[in-house]
Structures are given as structure tokens and as C-alpha cells.
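Trainee: Hi! I have a new structure open and would like to walk through it with you. Can we start?

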Amino acid sequence: MSTPTDATPQHPPLPAQVTQLLSADGLHTPKFNRTGSGPDGGTATPFGGRIRKDTIGYKSSPFPLKADQQAKVTSMLSETGFMPAELVTGEVEWFYNMLGISNDFFLNEQPEEIADHVLALYSAKLLAYTKHDPEKLVIDLEKVTTEEDSDACRKEGAVFIHTSKAGVTVTTGPGATVEKRIDELYLDDSSPAKAYRLETYRSTGAISSTIQQQLRCYFITRCSFPTGEPQPTPNGSVDIRSVSDSSFLEKASEHTLEIYQAVLDEVLRREGPVIEMFEVEDSRERRLVIGFKMGETRKFFSALSDLYHFYGLFSARKYVEQFSNGVSIISMYLNPLPNTKAPPIEHSIHQVVREASLLYCLPDNPFFTVADNTETPHAVQEATYAYVGWIFAQHFCNRLGSAYTALKNALDQNNTSHMEVLNKIKTRFREETFTRDNIREVILSHPELVRMLYINFAMTHYPAADEASHLTPTLSFQRLKTEHPLSDADLYNMIRKKAANPHAFQILEALLVFNKHVVKCNFYQPTKVALSFRLDPSFLPEIEYPKKPFGMFFVVGADFRGFHVRFRDVARGGIRIIRSRGKENYNMNVRTLFDENYALAATQNLKNKDIPEGGAKGTILPLVDANYKQCFQKYVDSIIDLLIPGKTPGIKGPIVDLSGRQDPEILFFGPDENSADLMDWAAEHARWRGASWWKSFTTGKSAALLGGIPHDTYGMTSLSVRQYILGVLKAHGLAEKDVTKFQTGGPDGDLGSNEILLSKDKTIAIIDGSGVLYDPAGLDRPELVRLARARKPISEFERAKLGPEGYKVLVDEQDVTLPSGETIPNGTDFRNNFHFRVKADLFVPCGGRPEAVNITNVSNLVDSEGKPHFKYVVEGANLFFTQQSRLYLEKKGVILFKDSSTNKGGVTSSSLEVLAGLGLSDEEYLDLMIFKNGKPSPFYQSYVKDIQQKICENAAAEYSCITKEWLRAKGTKTRTHISDALSSTLNDLQNELEVSDLYENEKSRKAVLSRAIPRTLVDKVGLDQLMKRLPEQYQRAVWSAWVSSNYIYECSMTASNVDFFHFFSKLAL
């Protein structure tokens, strides 16, 4: 790109480019500050480098025929007569040679279009003159060439030219929207298949001799990438030339290619942005280069302008380059505004660098205000804190209040009518009390209180001792030295006095609650892809969350939010990605997100009663159009930030940890809705981040590649459900082939497919995501088996194999006529409510959304004569029924076994998968658990059989325990309550045993561990070696889980202390 040679004195010279080592001049190769989430450990490189003044970043674009083109434009304008003839030559000369517009503009534009631009500029000057205000001069020129309009002469892309005041973010006019439009139209959705490169320049000259405004020009063109495969460099990385746009290669100097090659390598090596800063020799100008993976952030380019404007800087030129291996690189040349009160660029550029990483996480932040008319702007850190507080308050403002508590205490919780009314009131409170909009308005209208709240947060969590870089602290932290920090009590009183009303007080108080309960966070990590906070959950109101979790994580990203809740230190559970069908559905999911997470974790905790890990669950809620896989990756990486101590200054530095624990905190993730195919990535990413526990970090990994034990392949969850079904059939003398069954969750799912393959009943109805399948004479079993083995939905069921009264109604069908003559207007509505109209002996929910049957609709499962639609219910899916709906059905005579007892086979399998990862060395794991030539090792096969046997034993033992207790109580206790009591008894006993000195009895400890750990693993590694490898807290959990479960299952829930003495005494024999 050519550099204008007629720069006016008041503007800094255009920047030069990075040079290689030039020993004659005593220069050093630029050192990279490779900011980005990567493996921890190692030594950070010095920050930034220097650029020689006489090197050029982009080659000039010669245009020998420029004068001829200028003459044509002059002639055209003279012929139109719209401009006085005596002014034409001067206006064209000014446009061509005084504004400092790049030669590329003139090379790519036709004379007719340039003439239009000159005329538009002249017209704008006239308009400004008539208004007697030079500031009213507004230039807004654009030309968009779509893919359909492009040809050999016109490449797909766009040109935007508008008036621009250096270093200022405006709220009106073209400057307020152009860069946001460029993000939306050309940059946000970049992919190797379709990407655009961008060059933008500020004119070096003013618009006229009397009007000092400048022009900002943007040139966007569709990238043309090489068609061949990327080629390696000698060191094994991808050669930038083999993945670059052809126009970029024509213009980029060797120095720029060298810089970008290093940035590209770093982007591919780690998560998050790679940010480099270079000084320009003999100049105050700075060059900022930022690389990142395509699609990882949105609205980032326009947000960067707001960031450097905030610190009193302006850009001389900016570039966005795209590469066919999925990398984007932004390069900006920044200069200080003259006569500004902002900190000098020598300091502020470091603030821009640090906060660019924070901005990368949340580029579209409504609390980051920069415009001139904003009296109390928030710096990026303060604005990010406000955003996080906004999200936190949406979930944790006390939405129910004392009135709800009083009402709940006055009502009978065993009365379904009372609970139905209470549930409706609870739902309405949560929807209407604190909306996202009014929470945002409260935060925006109390900037000083928010600033003091931020200072309160920063005084605790800013890593003051972190020498990640010897930089001047960011503006936000500088305020910490000038503002007088308030104690929590003083800040509370200030909020109480200055909040506009009680409603605002409650919202702002929620931010103070947040501050007081953050144990550690990655907020001040130099690099991150999302914000994560480890919270002390003691702030959760008992009225809504009766059982206190052990710990919780709160994660906020640009395009998602998420939680992780666990009820014990050693805990495991799946990560559920909740995808929304539209904005209304998303809003509903926002309201229920944490409650769903809490309920899932609590259920998991009940289910995990006889394994070492307590219950845990994670949830991720992406925006409607967000890439949910990228959201998962950001969620995982940001949580790992809090699990691995940072040891790389400038990349992953130390964080403030208030937990006080000496042993490392470890989480175990598993698959759940929409995350099953992401477990491999999470394990590999943990390994790449340097986590010693990577083998056990996730369960549900692919068997062949990472030694996972897939539940669906081996029917792990279904095995435990089947034990309950077989128990019911045996107890009631039923022949399975004669039992009619209704099932939610189709043959395309884990539970649904395995339930079909393991059963021999007369299945009359199935619901899945594709629709409803029904035949009162029994669905054709060979056809169901075919679909289950192929993992295909019921939409693939052949209609010809339905009986005369059978039918298939798909969700996208309308006005379907059933054999009875009934017309179904909408297939989706029919599917969503079909479980209320079908009747069968046995109902086995194997899929469906949580709380599909609740206190408000459970009466629909009872006919007009008071007879339930089902005699037996064995829950396969989690939380399909609410607690109150279960009790309602049991009161009506339904024999029901709840999810936390029935479907624990999956968690047992996952627990033993974790054990293999912890018990085997890396070498043993790769040899024994990873498939060879697509086949599992004998060890793997034997270990799977051990797991299956353990699942069946535990499920049968719990079924027997629940049934015995129900018979002992002569039906006065519901099976639901017995199941909950059993889980609580086992969990409480396990917690007591885990910290007791009984564990110190080495003989009994070895006896227990030898029985608790699968024989295949003990025989291969040896018990003594396993006891050396397994973490102490994990061994205690294994030991206490086995003792508590086997004692209760053997001796019953009413066993005495004497019974325990005899039971434990036998273990030491």
C-alpha cells in the first residue's frame, strides 16, 4: 500500500515496519508478547519490539496512469456543469493529491465513480456552508459490490468513505455505524470458505483549507486463497504464503510476513488472542498486531476503535488479513492525540494491550461507553465488571423475597393444590420482579456506585504481586490508588443511601454479594477466552436452594453464559449445552438456567450415592445463533484457568485464590445434551494445557482414540434402568412380552435405543425429537430394532408396518388426520403433549426436557375416573418428573421409581472410567485403553465387563433396599421419599466416613479398596501401586463410598450402630 508523501506537519509520519536483526544498526529482532491461552509454565518473552523507521509494512502500489485518470475525472466534472468550472480543477487536485488517499483507491475505482465522490464532497461542503457550521460537514460515501455484481473488473467487496475526527467515538453519523456494519457484513462470519480482507486509512490532509476534518476510507475485498494444501515451514508450522490471500502477498513486505508468520503460529498453538505491540523507532507511533481464530469473537474490530479512543489514541491505518487455515490478524498503527489529557501513549498502549484481551471476551458490552457526550465513562475493566454483575444479578437477585417465604411456610407442601398455586407464584415472581432490561438500567444509572463496587472487587482480586509485565497498571487500577476503598459495610451503607429506590438497592446489593463470594477468578489473567469465577455458594437462599453446594463456577462469554455446581469436593457430572429455538425460548432458558443446573447437580448427587464422586453438573447457554461448540471450548478453557496455577508471566500469571486449600481443585466433566462429541476435545485440551489429570478430566471420550468407555455402545445407563424394570416385572408376576409400554426418547438416542434393544415388551408408543409413533397393537419390533441399531429417529419408521389404528405424526406436519378421524393441526404441539394422552402398563421416559410433567399438568395423567394412565413408571431420563408430580402419581397408586435411583448406571461407568485415568500411568493408559488397529485390548474388554457387572449389582441392590423399606413401612412411605432418604443416608454416611479415623485402619482400607476397584485394574497395576497413584482425597472417597453403600444395602436403612460395628469388623479379617 502506498504511503502518502504529502502529510501535513500536525500529523505523525506514517509508520514503518518491523525489521529483522540488523547487526550494523544494533537492532534486535522484535520480541513477541504472545498473549493467548496456552500451556502453563515456561518463560515469557519481553513485551513488544522496535520497528525501523525506513522499513515498510506494506509495499507501495505504483499507479503511473494516475495523472491521466485525474484528467479524465476533471473533464467529466466540467462537462456535468454541477460544479463551477473555475473550481473543478482545484477540487479534483485536492481530492487526488492533498487528502492523502491511498493509490489503491484510485487503482480500484473507475473515473466515473471517483467523479461522483468528488462531487459529493463538494456538495457536502456547500451544505455545511449554508448551515454556517463546519462541524456539519458530513461525508458518507459507500459502494458495495455483491458476489452477484462482481466481474473481472469489479471484485466482490465494498468501499466506505466518511468524515472522521481523530480519536473520537461518535454516536451519530456514518462514523457511528460503518465499522459495526463491516464487522457484521464482512468480518464476524469469516471462514476459510468465505473471508474478506480490509484496509482502512485516515487521510493525512484535511477536507479543505477551512475545514480541518479528515476522511476515513475503508477498502474491503473478497479473499482469494490458494487452492492447494497448506505447506509446512522447515520447523513444521504452516507456511503463511500457502494460506494467504493473493492481494495480501502482493502488498506485504517480507518483514510483515515474518511478523504475521510468528503470530499465525501462536494462534494455532493456543486458545485466545495473540497480541503483539511494536514501537516505531524515532516516533511515538505504535503498531498493534492481534491474531485469533476465525469465529471466536464478534464485533471485535469496531470495539477495538472504542478501546484506543478511550485512551486518547487514533489510528493512522488498520488492516484485517484472513488466512485459509482459519486465522484472522488485525494490525493497527496508533498515535497519540495532540493536546489531550489522556495518559501518554508510552503508558496507555500497554493498557490497550492488556484490555484488548479483556475486550476480546466481551466486545459488545453496553457498559463500555466512550462517546464525547458521556459524562462518566467506564474503562474496559470497570465496564466488564458491570457486565458480569448484570449477568449475575439476573440469576441471583432474591426474586422471591420474604412474602414468598411466609406464603410457603403457611401452605401444606403435601397438598398438590397448594403447591400448584405456589409454583405459579414462584414462576411469576421470577419472570417479572427483575428483568434484564431494568437491571441494566439500574447499573447504567448508578455509575459512581458501580465504580466503587468495581474498586471493592479489584482491591481483593487484582494480582498486585504479579510481575507479569513491568507495565504501568491499567487506568482502572490507577483509580484504586486515588479512590478511597470502602469496607463492605461502608459500601453497603453507601448503596442503601444512594440507590434510587428499593428495587435499585436490591440489584446493586447483588453486585456486592458477588464481590464477597468470589473465591478466585481469571478476570485479571493477561489472556483468556471467557471470564470465569469460582464462587462460594453460601449466598444462595435456602428457601430456593435447600441443599448447599460445595462449590460453583460462573462463566461469562461474549456469546454464552454458564455455570458449574458440585455438591462434594470430589464430584462428577455432565456438561449440558442448552440450545434455544428462538429469542423467546432463549429468554425462558435464561430465567431457568441456574435452577436447572442446580436441580441437575442435586439429582446427580442423589444418584452418585454409591460411587466416590459426589454430584455435579455444568450448563452452557449460548445465544440463539452462537456456535455452541466454540462456547463449550471457551467454557472449558476459562474454567481450566482456575484449576491450573499460572506460571507464565504475560500469558497465564498467578491469580488471587482465597480458598486457602493446599491441594489442587479438580473437576470431572462428562457428556450431556449437545456435548457428547466434545469430550475428546476437552481431554486433549486439558492435556495440552499441562493438566496432570487430563486422562480423567472427561468421561465419554471416544473409545478408539482416547480410551473412553461410551455409555451408549455398552448400554451402561440402560443396564441399571433394566434392573428396575425386571424387578417390577418379577415382583408383580408379569411376563414382559405381554406388558404394554410407552417410551419417550427414540431409537436415535442412547437410552431410547438401548431400551429398545434390551426389552421384549409390547411397545405401543414412542416420542422423540422428530415426532410421535403410535400403534395400540404394538409397534413392529424388528423395525424398531433396525432403527435402534442404526440410531435413526422414528421419522424413519416405515408407515407400512403400522397397524390399522397406528399412526406417525412428525413435528413439521400440519392438519394430519388420525385413523380415528381426529385432525392434528400442528405436529409440534401434538408431540409436546402426547405423553398426556397415551395409556400403557409401563412408562419409561428415556428423553425429554426437565419438568415435562409438573404439578400444574400431572393431573392430565389421570383419567376422569381417577385411574392413572400408567401402572408403573421407571424413570430413565433425568428430571422428566418434578418431585411433587411423582408424589401425586404415587398417591394415585402408581408404582414409580425415580431417576436418581434408576439411571445411575451411566454415572457408575463414568466413575470407573475416571478411576482408570487416575490409576494408570500415561504409558499404561495409552497402551491398555487406546484401541490398536481399531480394536480394544483384552484389558479394555475385561474392564468394561467389570463395569457392567458393578452396574447391575448396585442397581439390583438399591432396588431391593427400596422395596424392603416400602414393605417394612407397609406403604406409608412413598418410593420417591424412600429413594431420597436412601440417597441422603448414603451421602451423609459417606461424608462422615471420609473424614473419620476409621480410614486409618490400613488392613480394612486395603480390604475395601481391593473390592471397590475393579479386579482387572487391581490385577494389572497392583493395589499398592494404585494406592500410591490415586490422590489422597480420591482414595478416601472410594473407600467411604464402598463402605457406606454396602453397609446400607446389606443391613438396611434402619440398621443400628451395632450392625455397623459387626459389618466393619468383618472388613479387617
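Trainee: Which residues of helix 2 meet helix 4?
Mentor: In helix 2, Leu-87, Glu-91, Val-92, Phe-95 and Tyr-96 make the contact, and in helix 4 they meet Ile-114, His-117, Val-118, Leu-121, Tyr-122 and Lys-125. Contact means heavy atoms within 4.5 Å. Keep in mind that this is a predicted model: local features need pLDDT of at least 70, side-chain atom pairs count only at pLDDT 80 or more, and totals for chains, interfaces and linings use all residues. Residues are numbered from 1 along each chain as its sequence is written, and side-chain values use heavy atoms, with hydrogens and water left out.

Trainee: And what counts as a helix or a strand here?
Mentor: Both are DSSP runs numbered from the N terminus: helices are H or I with at least four residues, strands are E with at least two.

Trainee: At what angle do helix 2 and helix 4 cross?
Mentor: Helix 2 (residues 85-98) and helix 4 (residues 111-130) cross at roughly 105°, and their axes come within 10 Å. That makes helix 2 roughly perpendicular to helix 4, a label for angles of 65 to 115 degrees; under 35 is roughly parallel, over 145 roughly antiparallel, and the rest oblique. The axes are lines fitted to C-alpha atoms, for helices over the stretch in contact, and angles run from 0 to 180 degrees between N-to-C directions.

Trainee: What kinds of residues make up that contact of helix 2 with helix 4?
Mentor: They divide into eight nonpolar, one polar and two charged. Ala, Val, Leu, Ile, Met, Phe, Trp, Tyr, Cys and Pro count as nonpolar, Asp, Glu, Lys and Arg as charged, and the others, Gly among them, as polar.

Trainee: Is Glu-91 buried or exposed?
Mentor: Glu-91 counts as buried, at 15% relative accessibility. Buried means under 20% relative accessible area, exposed over 50%, and partly exposed in between, using a 1.4 Å probe and protein chains only. Leaving out residues up to four places away in sequence, Glu-91 touches Met-83, Val-118, Tyr-122 and Lys-125.

Trainee: New topic. How are helix 10 and helix 14 packed?
Mentor: Helix 10 (residues 380-396) and helix 14 (residues 447-461) pack at about 95°, with axes 10 Å apart. That makes helix 10 roughly perpendicular to helix 14.

Trainee: Which residues meet there, between helix 10 and helix 14?
Mentor: Gln-381, Glu-382, Tyr-385 and Ala-386 from helix 10 meet Val-450, Arg-451, Leu-453, Tyr-454 and Phe-457 from helix 14. By kind, the residues of this contact are six nonpolar, one polar and two charged.

Trainee: Let's look at strands. How many residues of strand 6 are buried?
Mentor: Seven of the nine residues in strand 6 (residues 214-222) are buried, and the strand is mostly covered. Two strands pair if DSSP finds at least two bridges between them.

Trainee: What is the strand order in the open sheet of seven strands?
Mentor: The order is 21-20-19-18-24-25-26, with mixed pairing. The edges are strand 21 (807-810) and strand 26 (895-897), each pairing on one side only. Neighbouring strands in this sheet are turned by 15° against each other on average, direction ignored. Inside it, strand 24 (residues 840-845) and strand 25 (residues 870-874) run parallel and share three bridges, with Ala-840 opposite Phe-870.

Trainee: Which strands does helix 25 lie across?
Mentor: Helix 25 (residues 750-758) lies across strand 18 (740-744), strand 19 (762-768) and strand 24, running at about 160° to strand 18. Its buried residues include Leu-751, Gly-752 and Ile-756. The buried residues of helix 25 pack against several elements, including helix 24 (716-731) and helix 26 (781-790).

Trainee: Where is Pro-710?
Mentor: Pro-710 sits in the loop between helix 22 (703-706) and helix 23, and Pro-710 is buried, with a relative accessible area of 16%. Beyond its neighbours within four places in sequence, Pro-710 is in contact with Ala-703, Met-716 and Tyr-940.

Trainee: Last one: how many helices and strands does the protein have?
Mentor: The protein has 38 helices and 26 strands, and buried residues make up 58% of its 1069 residues.
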